[in-house]
Each structure stands twice: as C-alpha cells, then as structure tokens.
Amino acid sequence: MPVPWFLLSLALGRSPVVLSLERLVGPQDATHCSPGLSCRLWDSDILCLPGDIVPAPGPVLAPTHLQTELVLRCQKETDCDLCLRVAVHLAVHGHWEEPEDEEKFGGAADSGVEEPRNASLQAQVVLSFQAYPTARCVLLEVQVPAALVQFGQSVGSVVYDCFEAALGSEVRIWSYTQPRYEKELNHTQQLPDCRGLEVWNSIPSCWALPWLNVSADGDNVHLVLNVSEEQHFGLSLYWNQVQGPPKPRWHKNLTGPQIITLNHTDLVPCLCIQVWPLEPDSVRTNICPFREDPRAHQNLWQAARLQLLTLQSWLLDAPCSLPAEAALCWRAPGGDPCQPLVPPLSWENVTVDKVLEFPLLKGHPNLCVQVNSSEKLQLQECLWADSLGPLKDDVLLLETRGPQDNRSLCALEPSGCTSLPSKASTLWDDDLGALWACPMDKYIHKRWALVWLACLLFAAALSLILLLKKDHAKGWLRLLKQDVRSGAAARGRAALLLYSADDSGFERLVGALASALCQLPLRVAVDLWSRRELSAQGPVAWFHAQRRQTLQEGGVVVLLFSPGAVALCSEWLQDGVSGPGAHGPHDAFRASLSCVLPDFLQGRAPGSYVGACFDRLLHPDAVPALFRTVPVFTLPSQLPDFLGALQQPRAPRSGRLQERAEQVSRALQPALDSYFHPPGTPAPGRGVGPGAGPGAGDGT
C-alpha cells in the first residue's frame, strides 16, 4: 500500500516554505483509485487531442476537481527526482432517457433485455501535462459499479503517480473524458526549487547549486552568491512576463563568491534572478524577490510610457504586467484638470504591449489618455499634441445614445457637462461618432487686435497733444480721470444678448437696442451680427462659444424676454424639450435654453445674467419665476438701473449713468415708435402672449 500523502500549497515567495516529501521507489508510472472503483493506466502515452464537446447519451462520469501533491521518485536513497501526483475526483452527471417505445405504449418494450440503468459506468479520463519544454498525456480507465451510480453524486477519485518536472518550473494540468462531454478542468502548479526542499541532498542536481541571498544597503541592493572559489556558475537578470517569454536584461558567467550591486532605480516587480552551475543538465534556480517591494512598483510606473501608433491606436509600454485601466480625457487650456470622458466612454482594461483603440475618427491636441491603477491616476499623456500642435481653445461636445436610440448632447466645461437639447444632434452627421470639437469664434480675437491698435494710436495722439499744449496738460488729465471713473467699469465689458425672434419687427427693435448699447460702449454679441458664423457652426455651437467667452471674461448674459420667449421658456420648464414652432434656423434663443436653465437651476445665474423686456410689450410678472431670480428690467423706463447692472460687479456707480441712459433712450426711441405705432394695420402677433401690456395689440 502506498504511504498516505498530503496536499501541499506551494506559495514560494521571498521566504520559501521548506517541504518534506514522500518517496516513491521505481521508475514506473502507476494508478490507484477509491474503494469500490476499478482503474488501470494505459501502457503508453496518447495524443493530446481533447476534441469537441458532444451530448451525453445518458449518465456519464465527469471530472469535477483536481488535487496535486509533490513527491520524490527515487532510484536509490540519494538519486531522486521531483514528481507531481494528481488526484482526479469524479461524479455522475446526466440522466437516463425514457425509450420511445416505453413512452408511446406505457410499458417496457422488451422485458427480456437488461435495464441499462442497472449497469456499471465506465470512463476514459485523460490527464494532460505541460511544463516547458515537456508535454505529455496519459489515459486512465475507470469503472464504477451500478451500486455507486447516483445522479449528481461523487463516486470517488483516481490517482496518477506521477509526472516528473524540473525544479522551479510551472506545470499546467488539464483533465477531461474521451469522448468529451463537458469543459475540461485545469490547474496550474508552481514547483519549488532546491531552496524549498528539505531533501535537496537527495536530488543530485541540487548538490552544486550556488546559493543566492538578497540584501539592501541604503539605495542599493546586493546579490550575494555564496559558492566555493573554484565553482563556475551563470547569473542572469530578466523581466518575467505573464504572457510571452522572459525579457533578458543581463547575463554573465562568474567564478567563486560574488557580490553584485544593483541600483534601486533598476528594481521592478518582475525583475528576477536566475543562477545555475556551469555543468551539463544543471538545475537553474529562479528567484523574484521584488514583487512586493514598494520602490519597485514606483519604478515600474516611472518607466511606463504611452506610445501612439496611429491616430486611433496606442499601447502601454512597461517592463512588467500591471493591473490598469485607461480612458480618454479632455484638457482645456488654462491649467484646468483633464476631465475624463466617462461617460459616454468607459474605462478600458489595459494589457502591457497590447494595442488598444478608442472610437475616434481623428485626433485632437486636447485629447489625452489617463491610466489608473487601484483608483489612482498613474499616467496622463496627450498623445496627439506632438503631431497636431499645442492645446486649442475648443469646446468638446459629447453625444450619448440610450437603449431606444435616444440621444443627448452636452458641452464639457470645468464645472461639468452642461446638457443640450436632444434635437441638437441633427446639426451633425449621425455617422461621425460621439465626440465633437467645436472651435471658438475667432472674430473676438480679431476685434481685440483692432482695439489694441486703436489704443496705441490714441496714446500716441494724446502724447503729441500734451507736448504741444503743456498748459492744458492738467485739463486733459482731469478729463481722462473723470472718464475712467465714470465709464471704465462698464467700458469693455462683454454682453451677450439673447432673444426670441418673434417677428422681423422685433428683430429690428433688438438690433436698435444692441447698437445703442455699443455706443456706451459695451462689447455686445448678438446673433443678428454673426449670421455667417451661426450658419457655419449651428446655433448650439455658436451659443456655447459666445456664452463661454462672455462668462470667462467676467461679462454678462442679457435675456430679452418677449411673448415668444416666455412661451418657449414655459415649454422647456414643462416638458424639458422645445416644441415645434415657426422659428427660423438662426434662433439661438431656442438652442440656448438647455444651457441657460442649468445655470439658473444650480444657482450660478446671479451676477452673470440679467433680464429685460420692453414696456407695453410684456409685464415683468409674466417672466417665469425661475428667471426672476436675477433682476428683470423694463425698457426704456428702467434704463438707468439696467445700464448699472451691465457694469462690472465692483465698479462704482457713475454720475453720468442718467446721461447715458438718456442717450440710449434717444437712440432706441425711433425703433420703439416704428414697432408700437407702425403705419397702417398693426403687425400681427404684437402684444399677444402672456403678460402683454394693455394697448400692446391696438397700437395705443
């Protein structure tokens, strides 16, 4: 009878467990099985061909679990080899099928034939071994008596002695039946080297082994090899790879005791050391002592690099495999953190040296790749910046699709992703994907260049006048000081004017107001003056560029309410989407509501928004309550207060504010008279809507 054996867990790390192993005598393989079962081992190995899974004809034996144990196969007391014993546990799977004749006639078709369910079960169990460079398959025949056949129950195990493998190697084991009725079992066993064996003096290949120790000295690491002065041995450093062959780093043949120094920057978790005597068929000992070293993990991320292969594909280059996930992010100019594009994209698992692709049609310098490990950012590189230039002042729009092809669009900003109307996706080709980079309006930069040029010319002219008229210098300075105090706060502040294009007459009235405000001057933006850019970019992109530019410069957004604007706001507040209407393609007010509403709902509107409406056209109480959280002025009766709200928040109140209000009122009056007192029949639709003032529809 064989000596009882134990299952061993071989977790060899920096301090390997010393193992005491059972000895088997003789070179022949053998098999034995649980009581009640009969088994035998085929005399020769078979081809390792598992074949396809086929349906079971009835109850069959199937492997359910693999157990392994290390043993020594010895020719004599001091001549042994390491061997792997495997136990295959079996169970009965499947069930008997009723014969067709019995189902049809309700009884046995032939009572003289033995019932198949009372027969024993037989199985051919295959064990497949792979341990580089060896591979073999053996066949075990097992028979279970009928008394032990119980569906779904274990019937015992069959044990195979044994598979010889090299010290320190990794053995992969598969088990399945022939024919194969179920998916094969698999198990991986890491074998110890001579350091982990109590009986190393029984294995001849361990006798001349150079013993290796690792010690630290400050930032350096010492490899200490304790061998005799006459012994010749080989030493190799390599990066162990989970997939693929090891990557050699350094190799040398040495003699006698050695102390080899490694710099701490060379340490990575997969750096392993292999040492062996320079003798035929010698055993090679492998040790990977830096797997848990924090410095090694830090060095690994410092050595990792992202490489762009094409505009859409890239890979992570690193010495060792590492658990990581990656996603795209958008980096805007100005030093703001890179914002991950999750959703609509998701984090993707990263495999070192494996090509990855993101769903992009083209690259963009603001697109970057973030790599996280254990929920911590480890790498961030803007791969496309080298080929496409520096960061651009662009707005990124994200499009997502729901389970029923419902689409939503939002603009990425430092404060988050601001929702846009779902219908905005019709502005672009549906085949273009989920990311859109929209350039900012460039005409603002051109206007700034003209302003600077005008300032320089003005300064030169002023200097010349002062030189010619020194006696009047104090007078010029006094006037200049008064002008700065009275108008510097409002001068140059950006103002974005939004309105609903109810009709052509109302558009002319809006144009007159915008022109009058420019005389203060303010830097006024209104879609009436940007029809070309509006058509090229679309209302959504144009509005987002203008709104972002205005708010970044500390400007103000003016909501000019009319009956049509109130109706659109009510639709949005009620349904969340704008209903169909007769508005033209240049109506930016409809497109802007999806971004105006979040600013009001999240409390960001005060200080950045003001409202206004015209006397006799709309009463302020008709403006939805949500928009009355900011001041709403009636024009022209409240022009002084309106102009005061357009000044910089900390600017002092100007003594000339009333004078400027009268100036704007005079410029606006002809347009008001033309709108409210047109020649002939009043234009349809004026004064019609919620809160229209009395007489708004009859011209009084």
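This is a predicted model: local features need pLDDT of at least 70, side-chain atom pairs count only at pLDDT 80 or more; totals for chains, interfaces and linings use all residues.
The walk begins with Ser 34, which sits in the loop between β2 (30-33) and β3 (38-41). Is Ser 34 buried or exposed? Its relative accessibility is 18%, and the cut-off for buried is under 20%, so Ser 34 counts as buried. Apart from neighbours within four places in sequence, Ser 34 is in contact with Gly 156 and Ser 157.

The next residue is His 232, which belongs to strand β13 (residues 232-239). His 232 has a relative accessible area of 44% and is therefore partly exposed, since that class lies between the limits of 20% and 50%. Which residues does His 232 touch, leaving aside its neighbours within four places in sequence? They are Leu 254, Thr 255, Pro 277 and Leu 278. With Thr 255 there is a polar contact between the two side chains, at 2.8 Å.

An open sheet is formed by 3 strands in the order β18-β19-β23, with antiparallel pairing. Which strands stand at the edges of this sheet? They are β18 (305-308) and β23 (356-357); each has a single partner strand, so one side of each is left without a neighbour in the sheet. The pairing of β18 with strand β19 (residues 313-317) is antiparallel and runs over 4 bridges. Within β19, Trp 314 is the bridge partner of Leu 308.

Strand β20 (residues 324-330) comes next. This strand is mostly covered, with 6 of its 7 residues buried. Its pairings can be taken one at a time. With strand β24 (residues 367-373), β20 pairs in the antiparallel sense over 6 bridges, and Ala 327 has Gln 370 in β24 as its bridge partner. With strand β22 (residues 348-350), the pairing of β20 is again antiparallel, over 3 bridges. Here Glu 325 stands opposite Asn 349 of β22. Strand β21 (residues 339-340) also runs antiparallel to β20, and 2 bridges join them. In β21, Gln 339 is the bridge partner of Trp 330.

The walk ends with two helices. Two packed helices are described by the angle between their axes and the distance between the axes. For helix α11 (residues 639-646) and helix α12 (residues 657-676), the axes come within 9 Å and cross at roughly 110°. Angles of 65 to 115 degrees count as roughly perpendicular, and α11 and α12 are therefore roughly perpendicular to each other. Which residues meet where α11 contacts α12? From α11 come Leu 639, Pro 640, Leu 643 and Gly 644. From α12 come Leu 657, Gln 658, Arg 660, Ala 661, Val 664 and Ser 665. By type, the residues of this contact divide into 6 nonpolar, 3 polar and 1 charged.

Terms used:
Residues are numbered from 1 along each chain as its sequence is written. Side-chain values use heavy atoms; hydrogens and water are left out. Axes are lines fitted to C-alpha atoms, for helices over the stretch in contact, and angles run from 0 to 180 degrees between N-to-C directions. Angles under 35 degrees count as roughly parallel, over 145 as roughly antiparallel, 65 to 115 as roughly perpendicular and the rest as oblique. Contact means heavy atoms within 4.5 Å. Ala, Val, Leu, Ile, Met, Phe, Trp, Tyr, Cys and Pro count as nonpolar, Asp, Glu, Lys and Arg as charged, and the others, Gly among them, as polar. Two strands pair if DSSP finds at least two bridges between them. Buried means under 20% relative accessible area, exposed over 50%, partly exposed in between (1.4 Å probe, protein chains only). A polar contact is a pair of N or O atoms within 3.5 Å; within protein, one must be able to donate a hydrogen and the other to accept it, and residues adjacent in sequence count only if both atoms are side-chain atoms.
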